[in-house]
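Work through the exercises below with the model open. Each task is followed by its solution.

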Amino acid sequence: MGTIKLRPFLTRCYQAYGPVFQLTVPGQKITVLAGPEANLFAMKEGHRVLRSLEAWRDNDHEMGSDRSMISLDGAEHRAYRRVEGRAFARSFFAAGLRPALAVLAEDLAPFQPGDVLPVATWCKKTITEQLARMAVGGTVRPYLPDLLHFIQTALQVTVNRQLPPAVLRLPKYRRAKARIFQMVDDLIEDHRQNPPEKSGRAPDLIDDVLADQQVNPERWEHPDVRLAALGAFIAGMDTAANSLAFVLYRMHLHSEFLPALRAEADALFRDGPPTAEALGRSPLLHRFVMETLRVHPIAPALSRTLTEDVEFAGHRIPAGTPVIIGTTVPHGLPELFPDPEHFDPGRFAPGRAEHRQPGAYAPFGVGSHTCAGSGMAEGLIMLGAAAALRTLDLSLEPDYVLRQTAKPTPSLDNKLQLRVNAVRHNPVFLVH
C-alpha cells in the first residue's frame, strides 16, 4: 500500500475496528496499533518494546553500512543521536539562518511577473541546497538530479517496498549512487583536511561525526561516516521540502489568509533578516504550518517490530510481530479535531490548542525516534514560506486539482504551479 492514502485509510480502520487491527500485504500480515492510545503507548513503552532495525536494515546496507541512527534503538541510538542531533536541532537552524536565506534569495531572484513557480521542484531544489550548506558545509547544485534519484529510489525499494530490488541494479541508479558517494567522500575528506579550528568555520554534522570517531573509532568506519552525512538529505530533502510545498499550496488555496500572512512576512523582514525566535512568534504563519502538517503529514505511520510480548487495548501481541504505529490517525478524528477535513489554523490558537490533547498530534513521530530534525524542518518550512510571501505575489491556478505522489513520502505532483503576479520585494532584502 502506498503512503499517499495511508493516513485516512488507517483512520477509517480505527473508527471501524478500534485501536488494534490487522492488514494483509503481499507476503505478510501486519498488526496496526492506532489512535491516541497507540501514540501514548509508543511514547511510554516504545523505547522498551519497539525496534526499528527491520524497517531500516536494508536501507543501511544499500548505503554501505550496517547501522545508523535511525535503525538503532536503546543506548546505541541515544549515542548516535547525541553526535548527529546537534546539526538538526532548532538551535543549529537559528545559528545558520544566513546561508539558508542566501539560498532562498538565489532561488527566488529569477522569477518575474508572468512566470510560474513549479512548487514541488522548487521546494526540493531549495530545501536540499539549504541542508547541504547548513548541515554539511557543501553544495548539491551540480548533483541534485543524481541525489534525488539515488535517495528516492533507494527508499522506495528498501523501506517503502514500492519498487522491486532489481531497480537498484539499473545503470542510471548505479551511476547516481556512485556520483553521490564520491560527492560525500570528497566533503568528508575536505572536513578532515580543513577542520573548524584550522578553517575558522563553525562545526557542522560531518565535523561532529569525525570528532566522535576520534574518541569512539569502533562506532565509525568510513561507510558509517558517509551514511551520517547522507542522513542530512535522507531525513530532510523529501520531508521538509514536501511539507513546504503543501504549505505554499494551502496558503494560495485558502487565499483569505494571504493578506494577514503577507503582513506577518513583511514584518519579519522589515528590519533585516529575521531571527528564529521571530519566526516562532509569527502566530498565523506558525499555526498555518502546524495545520498543514496535520492535514498533510509526511510520515503518516511508523514501522516497528515488537521485541517482547505486550498487552495493548485488551490484546496480547507476541514478540517478533511487525507492527505499524498509526501516529497520525488522531489527526483525522473528530473527537480530537472537530470537523477534521476543514482546514483551520485556529485549532492551534490559545484557548483551543486541540493539538495538546494527549496523543492527538504527531507530525514528526513519537517516542525515542521522534524526528531528530523536527526543529530544523519546521524552521526551514516557516522561513521558506515567509520568504516566498515577502518576495512574490503568487496565485493558484483556479482549475488545479490536488494530486499527490509518493516518492517515497507524500508529495504534490509536478503539475502544481503558482503564477507570479508581481515581485513584491527584491529578494536581496532577504539577506541584507
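**Exercise 1.** With which residue does Glu54 form a salt bridge, and how far apart are the closest N and O atoms?

The model is predicted: local features need pLDDT of at least 70, side-chain atom pairs count only at pLDDT 80 or more, and totals for chains, interfaces and linings use all residues. Residues are numbered from 1 along each chain as its sequence is written, and side-chain values use heavy atoms, with hydrogens and water left out.

Step 1. Apply the criterion: a side-chain nitrogen of Lys or Arg within 4 Å of a carboxyl oxygen of Asp or Glu.
Step 2. The partner of Glu54 is Arg51, with the closest N and O atoms 2.6 Å apart.
Step 3. Classify by relative accessible area: buried is under 20%, exposed over 50%, partly exposed in between (1.4 Å probe, protein chains only). Glu54, at 26%, is partly exposed; Arg51, at 29%, is too.

**Exercise 2.** Are Arg347 and Glu354 buried or exposed?

Step 1. Their side chains meet in a salt bridge of 3.0 Å, N to O.
Step 2. Both Arg347 and Glu354 are buried.

**Exercise 3.** Find which residues of helix 1 are buried.

Step 1. Locate the element; helices (H or I, at least four residues) are DSSP runs numbered from the N terminus.
Step 2. The buried residues of helix 1 are Leu6, Arg7, Leu10, Thr11, Cys13 and Tyr14.
Step 3. These lie on the same side of helix 1, because they cover an arc of only 165 degrees around the axis, taken from the directions from the helix axis to the C-beta atoms.
Step 4. Arg12 and Ala16, on the other side, are exposed.

Technical notes:
Helices (H or I, at least four residues) and strands (E, at least two) are DSSP runs, numbered from the N terminus.
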